[in-house]
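Work through the exercises below with the sequence and the 3D view at hand. Try each task before reading its solution.

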Amino acid sequence: MRQVYLDYSATTPVKEEVVKDMLPYYTNFYGNPSSLYGVGIEAKEGLDKARERVAELINADVREIFFTSCGTEADNWVLEGVADALKNKGKHIITSKIEHHAILHTCEYLEKHGFEVTYLDVDGEGFVHPETLDKAIREDTVLVSIMMVNNEIGTIQPIKELAAVAKTHGVLFHTDAVQGLGNVAIDVKDLGVDFLSMSAHKIYGPKGVGALYLRKGMRISTFMHGGAQENKKRAGTENVAGIVGFGKAAQLAEEHLEEHISHSCWLRDYFWQKIDENIQGVQLNGPKENRHPGNLNVSFDYIEGEAILLMLDNSGIAVSTGSACSSKSLAPSHVLDAIGVSITKMNGTIRFTVGDFTTKEDIDYVTDVLIKIVERLRALSPVNGQKGW
Ligand SMILES: *Cc1c(COP(=O)(O)O)cnc(C)c1O
């Protein structure tokens, strides 16, 4: 049976070149990068090279890149670290209603510890408007955190404009760029952000590696206490092979950015056109423009997303409902809720994300299977008859 992976926003396969670069760091250059002899120094050189490559991808200085264990850690660190460092200045944080749980749950934690959080509304396509942010900033606001690209509906936020608003008020700005990295061109200097979170496994690198960009001179408390790694800001022996893999993935992402974007956009638009032409009662959620190049978020009337997902899985096709994180809890998506999608439509929603290994033949196969699945499920659906499909 054909296997088609359409969940690139949940994670990506690791590219062969990346694995090839990583392997020697398990077997030959296995030293501790803090050690002063040969194999340790080789490991340290691997880290340095990776730091250069990640820095280059976002136009940062190498001294501004701090490796973490994942994107989630980078998000936790920046929120808790800035909140702690600036608690005497103020205890108010601003974020949006459509952030990843790595941000939202950390904000909830901070609320339990005396901080106040404002969750900004978004419009029907998921955009945060600069004026909305401007109105929400207070005397005691210390940090604004708005994601670059939404993981469910693909909205690409106007980060440069939003960061400028924060700057006007002298407030620090963070962006969770985990879905943006490798999918949009990122230049931290041009964007004017103070902090930016990244993850390797969303850009064809290994799982369990992330990084935080900390603009020079930024004050932030340490999150992991221990040794002097990462310029004394993030303790713990580095995941050397993983970081090397992140570096290689970053280099490939930079070299192939245009190609990746045009390939993904073409497939995404082709796929949507086929769905829209062949299946009635569908709705595309999220923006038409300024959208993640590989993201389609589609609501199918009168059927359950879970049922579609399971039947697609039976045909070797991997997709996710609303978001990977909420599919297990069966909770309705906070993102679809924020853009005004009704509960019934939400229940029939599937997220398809294409990537570098997706082909036109994959999309043709998936469309054929999808048409049959939707037909079958609707034939079984109790509300279907009244509408006369
Ligand atoms: C995947 C993701 C994260 C979490 O990154 P991990 O490396 O999996 O911890 C954070 N934010 C967004 C927007 C994501 O898509």
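**Exercise 1: the largest pocket**

Helix H3 (38-57), strand E2 (65-68) and helix H9 (229-232) each contribute at least two residues to the lining of the largest pocket. The model is a predicted one.

Task: Find which element gives the largest share of the lining of the largest pocket, and how the residues of that lining divide.

Solution. 
1. Start with the volume, which is about 330 Å³ for the largest pocket.
2. Then take the lining: 16 residues line this pocket, and Lys-44, Asp-48, Arg-51, Glu-230 and Asn-231 are the closest to its centre.
3. The largest share of the lining comes from H3, with four residues.
4. By residue class, the lining of the largest pocket has six nonpolar, four polar and six charged residues.

**Exercise 2: the ligand**

Task: Describe the shell around the ligand, and state which polar side-chain atoms of Asp-176, Gln-179 and His-201 lie by which kind of ligand atom.

Solution. 
1. The ligand is surrounded by 13 residues, of which Thr-72, Asp-176, Gln-179, Ser-199 and Lys-202 are the closest.
2. Helix H4 (residues 71-85) gives the most to this shell, namely three residues.
3. The shell around the ligand consists of three nonpolar, seven polar and three charged residues.
4. For Asp-176, a polar side-chain atom is 2.7 Å from a nitrogen atom of the ligand.
5. For Gln-179, an N or O atom in the side chain lies 2.7 Å from an oxygen atom of the ligand.
6. For His-201, the distance from a polar side-chain atom to an oxygen atom of the ligand is 2.8 Å.
7. As for cover, the ligand taken alone exposes 380 Å², and the protein buries 90% of that.

How values were computed. Residues numbered from 1 in each chain as written. Predicted model: local features only at pLDDT ≥ 70, side-chain atom pairs only at ≥ 80, totals over all residues. Heavy atoms only, no water. Near = heavy atom within 4 Å. Polar contact = N/O pair within 3.5 Å; in protein donor to acceptor, adjacent residues only side chain to side chain. Areas by Shrake-Rupley, 256 points an atom, 1.4 Å probe, with all protein chains shown as cover. Nonpolar A, V, L, I, M, F, W, Y, C, P; charged D, E, K, R; others polar. 1 Å grid on protein atoms, 1.4 Å probe; cavity = no way out; pocket = protein on both sides within 12 Å on 5 of 7 lines; lining within 4 Å. Points joined across faces, edges and corners; volume = space filled by probe spheres on them.
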